[in-house]
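Keep the structure open beside you as you read.

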Amino acid sequence: MDPNLNRARDLAEDEIILGKMGYRQELSRRMGGFSNFAISFSIICILAGCITSFPSGFCTVGGASIGLGWPLVCLFSMIVAATMAHIASAFPTAGGLYHWASILGGRGLGWATAWFNMAGLITVAAAVNAGAYDFMAAAFNFPTFGHPQAVRILGIAFITVSHAVFNHKGIRLTTLLTDFSGYLILLVSLALTAALLWNSPHYEFARLTTFSNYSGIPADDPVIPSSKSLGWLFALGFLLPAYTLTGFDASAHTSEETVGAGRNVPRGIVRSVWISSLFGWIMLCAIVLAIPNMDAAAAQGNNAFPWIMKSVLPSSLSLLLLVGISVAQYFCGLACLTSGSRMAFAFARDGGLPGSKYLRRVSPTARTPSVAIWFVAILAVSFIIFLPYTAIAAVCAVFLYISYVLPTAAGFYAWGRSWTEPGPWSIGAWYRPLAVLAMVGCGGLIVIGMQPPNQQAAWIVGGMLVAMVIVWFGFERKRFQGPPLPARRSSPAA
């Protein structure tokens, strides 16, 4: 069949489904299946999360955190992704999680999900850009002119503003860059893995299952506070994969810009997680196997990865790979801003944000949510002024996984009752048992994510929860109407 006819049919069907959900097509629908996958894959970006957060995993129990902890948490992330994809296929809108929770659990749950998701997307943009700047500054010895903190903030602000400019120009340009990013991540991660294995002085596979207590190291600035419990340290290492494997909701947030959304969005969610899980594990194992001396690497603290690169690889090859990693991290931040701005647009479209009448505006020429783009960019930069990188990373992981699981929990109760018809992509009877596992795992992640050195996360998450309760019952419960009433039905085709 003529591919142009297929595309025209899919576009017509997408617009009909969106109309039945109470919205008209405002954004430019240009993304195909690979592009939808690429934007989530670019946000997950194993060359960003795996590398910038490598010390937070390695400096817990050493190689076992990678060899055993990474696949364990990846299994949890795959469960969360599968349950999200099941819902995304049935309700393909830019609001994503917020719309699902509203449709399946009511406008109050939808409102709460929106705020957790918004907070998570803003902090993940902040964490990615802060981590990217710190990585590049360490790798290339950026000058600080005697004012390292001021230069750092300016550098992160410049990165974020450039992302906003690209997003403002239109989804066509953003899609080209995130498509390129998808290929770049695969190419550089494979090259890095091969280079480290080729130049490794030995292959001690036992490292990947050996527990070593590296907490409290280095003494002057420990990555993880000292603890005698290897079990607890192993759990703290879960934050490395948990932080890395976030942002796959971007496929849902770009639903209204994706052709054949009911099929391509859930595929994008699931594929981005399992491919990132597999390639990330192989790459991290190669890093651990290539370490000349495990104790010496742990002693480097947050500088562990650049030290490993410079200790093992020829200088020219190390420089080339560091450049590739830096570019991939830059595009990761670009995709984060794309996802966050679409969430802000969707929530503002329903009147959920202060200044919604401005934030919902779409550029008539670029057909992008221009005001929402700059709104998210400004808030992301603001975060890095007040919080260290590790705290932001922990906060964003907690916020995002809460927002991932809330609609899943609502779907658990609605599935087979008020929600009886799935979309074209479905996990069928597996949905409800996997939803239970997702909820239990999220509870454990919340506890871990609030422990030292990320104790600030407890105050931030707790404070936000208290504020949300006050605002909802004091003001928003009567004012906020939620998504359009046509969305409250059993399936998009109903």
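This is a predicted model: local features need pLDDT of at least 70, side-chain atom pairs count only at pLDDT 80 or more; totals for chains, interfaces and linings use all residues.

**The largest pocket**

Sorted by class, the lining of the largest pocket has 17 nonpolar, eight polar and two charged residues.

How many cavities of 30 Å³ or more does a search of the whole structure find? The search finds two.

The largest cavity contains about 50 Å³ of space. Around this cavity you will find I43, I44, A48, G49, V124, V128, Y243, T244, T246 and C332. Helix 2 (33-44), helix 7 and helix 11 are the elements that give two or more residues to its lining. In class terms, that lining splits into seven nonpolar and three polar residues, with no charged ones.

The second largest cavity has a volume of about 40 Å³. Lining this cavity are A48, G49, T52, A127, V128, G131, A132, Y243, Q329 and Y389. Here helix 3 and helix 7 are the elements giving two or more residues, and helix 7 provides the largest share, four residues. The lining of the second largest cavity counts six nonpolar, four polar and no charged residues.

**Two helix pairs**

Two packed helices are described by the angle between their axes and the distance between the axes. Here are those values for two pairs.

| Helix pair | Angle | Axis distance |
|---|---|---|
| Helix 5 (residues 63-90) and helix 20 (residues 431-449) | about 130 degrees | 9 Å |
| Helix 9 (residues 171-199) and helix 13 (residues 261-290) | about 25 degrees | 8 Å |

Take helix 5 and helix 20, which pack at an angle of about 130 degrees. Helix 5 is therefore oblique to helix 20, and the crossing is left-handed. On the helix 5 side, the contact is made by F76, I79, V80, T83, H86 and I87, while helix 20 brings Y431, L434, A435, L437, A438, G441, C442 and L445. These residues divide into eleven nonpolar and three polar, and no charged residue takes part.

Now turn to helix 9 and helix 13, whose packing angle is about 25 degrees. With that angle falling under 35 degrees, helix 9 is therefore roughly parallel to helix 13. Helix 9 also passes helix 13 in a left-handed crossing. From helix 9, the residues L186, S189, L190, L192, T193, L196 and L197 meet I275, F279, I282, M283, A286, I287, L289 and A290 of helix 13. By class, this contact has 13 nonpolar and two polar residues, and no charged residue.

Technical notes
Residues are numbered from 1 along each chain as its sequence is written. Side-chain values use heavy atoms; hydrogens and water are left out. Axes are lines fitted to C-alpha atoms, for helices over the stretch in contact, and angles run from 0 to 180 degrees between N-to-C directions. Angles under 35 degrees count as roughly parallel, over 145 as roughly antiparallel, 65 to 115 as roughly perpendicular and the rest as oblique. A crossing is left-handed if the near helix is turned anticlockwise from the far one by less than a right angle, and right-handed if clockwise. Contact means heavy atoms within 4.5 Å. Ala, Val, Leu, Ile, Met, Phe, Trp, Tyr, Cys and Pro count as nonpolar, Asp, Glu, Lys and Arg as charged, and the others, Gly among them, as polar. On a 1 Å grid over the protein atoms alone, a cavity is a set of points where a 1.4 Å probe fits but cannot get out, and a pocket is an open set with protein on both sides within 12 Å along at least five of seven lines; lining residues have an atom within 4 Å of a point. Grid points are joined across faces, edges and corners, and a volume is the space filled by probe spheres set on the points.
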